[in-house]
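Please keep the sequence and the structure in view while reading.

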Amino acid sequence: MRKQFFLFVFVLFIYCKDNIPLKDLELINGYWEIEKVEMPNGKIKKYSYNETLDYFNVNNLQGFRKKITLRLKGKNLSNNLKENIKISFKNNNAILNCTTRFDNWEEEIVSVNDSSLVLKNPNNIKYFYKKVKLDTVNEKGK
């Protein structure tokens, strides 16, 4: 079993080496604030303030994403709605396979590091996020 695990990790490492290193996929975990959205025609919509953050929790290439609503006073709010996530690889690209009970879709992880994340949906719309560190976010419902 241990040999199979290392073989699996090795194959994944080789398979996604041209895009995002496997170890960097762990950087998706945490709170992300959207900064801007780039449309396929090049138009950009910037966000100067967001009331909500995306919270990712992914381990062993699967986990979830949920929305966190920021509040000035008291605990931040979250609900029990989650998108289940599985990371797969297609054409050397890391893909978020997102599923809710209502729908499923894919988003490509264009880039990720310890401070920024770029996702692209099937309509070629790119979402640019910056990492946010929060000590008081209510993580209830994880």
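The largest nonpolar core has 22 residues, of which Leu25, Phe56, Ile87, Leu96, Ile109 and Leu117 touch the most other members. A nonpolar core is a set of buried Ala, Val, Leu, Ile, Met, Phe, Trp, Tyr and Cys residues joined through side-chain atoms within 4.5 Å; buried means under 20% relative accessible area, with a 1.4 Å probe and protein chains only. The model is predicted: local features need pLDDT of at least 70, side-chain atom pairs count only at pLDDT 80 or more, and totals for chains, interfaces and linings use all residues. Residues are numbered from 1 along each chain as its sequence is written, and side-chain values use heavy atoms, leaving out hydrogens and water.

- A second, separate core of six residues includes Phe64 and Val132.

**Strand pairing**
- Strand S1 (residues 30–38) pairs with S10 in the antiparallel sense over seven bridges; pairing requires at least two DSSP bridges between two strands.
- Val132 in S10 is the bridge partner of Tyr31.
- S9 and S10 run antiparallel, joined by five bridges, and Lys120 stands opposite Lys126.
- Five residues separate S9 and S10 in their hairpin, where Asn124 in the turn has a positive phi of about 60°.

**Asn121**
- Asn121 lies in the loop between S9 (116–120) and S10 (126–132).
- Asn121 counts as buried because its relative accessibility is 14%.

Key:
Helix = DSSP H or I, 4+ residues; strand = E, 2+ residues; numbered from the N terminus. Buried < 20%, exposed > 50% of the residue type's maximum accessible area, 1.4 Å probe, protein only.
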